[in-house]
Amino acid sequence: MKRQMKRLVLFACITATTVLGSQSAFAGYGADGGGRMGGCEQQKHKGHGGMFRKMARELGLTDAQKQQVRTLFEAERQKNKPTFEALGTERRALRDLVHSGSADEGAIRAQSAKVAALQADLAVARAAVAKQVLALLTPEQAAKFKELKKGRGLGGMCLEQER
């Protein structure tokens, strides 16, 4: 009886930790547009191009630079669209698995690994875009960009998601 109670308490703790952890880890994300918004998702809903306009203003981009960055963002958005859709699907599957009450730890870990792999792919893509954007900037603009990013003056600019 005591052993069974310990298992039940352990299961409840693991489930609560997983649910709360996944809620905060995924806050603001989701391809379906539902739930809380934050980060890039929130910036998107403030108005199309809001972050782009802020970046252009803060860095003093020329018209040619603006066009190059817009083209880069659009190409990257199209390239990453299937990954974002898959990420939304896998996150929903993880959420459903956690809330099912019947999933074992192995299944949850396997589904979490799928989500993490997609997030890693998008992080690599973000880094590549940031590198390409930096290559378009003058040395002064690049220095200011790095300084603003460090101080979050560009609001955590979502380079890969410019819409």
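**A tour of six helices**

The protein chain holds six helices and zero strands. This is a predicted model. Start at the N terminus and follow the chain: the elements run α-α-α-α-α-α.

Now show the whole surface. The accessible surface of the protein chain comes to about 10,300 Å². Carbon and sulfur atoms account for 58% of that surface. Of the 163 residues, 29% are buried.

Next, select Met 55, Leu 59, Leu 61, Phe 73, Val 133 and Leu 137. These residues belong to the largest nonpolar core, which has 14 residues, and they touch the most other members. Which helices supply this core with at least two residues each? Colour α3 (50–59), α4 (63–100), α5 (105–136) and α6 (139–150) to see them. α3 gives the most, with four residues.

Then move to Leu 87, Leu 94, Val 98 and Ile 108. They are among the eight residues of a second, separate core. In soluble globular proteins, nonpolar side chains tend to be buried together.

Zoom in on α3 and α4. How do their axes sit? They come within 11 Å and cross at roughly 145°. The crossing of α3 past α4 is right-handed.

Show side chains at this contact. From α3, pick Phe 52, Met 55 and Ala 56. They meet Lys 66, Val 69, Arg 70 and Phe 73 of α4. The residues of this contact divide into five nonpolar, two charged and no polar.

Take the contacts between residues at least 6 apart in sequence: 70% of them join residues at least 24 apart.

How values were computed:
Residues numbered from 1 in each chain as written. Predicted model: local features only at pLDDT ≥ 70, side-chain atom pairs only at ≥ 80, totals over all residues. Heavy atoms only, no water. Core = buried A, V, L, I, M, F, W, Y, C linked by side-chain atoms within 4.5 Å. Buried < 20%, exposed > 50% of the residue type's maximum accessible area, 1.4 Å probe, protein only. Contact = heavy atoms within 4.5 Å. Areas by Shrake-Rupley, 256 points an atom, 1.4 Å probe, with all protein chains shown as cover. Axes fitted to C-alpha atoms, helices over the stretch in contact; angles between N-to-C directions. Left-handed = near helix turned anticlockwise from the far one by under 90°. Nonpolar A, V, L, I, M, F, W, Y, C, P; charged D, E, K, R; others polar.
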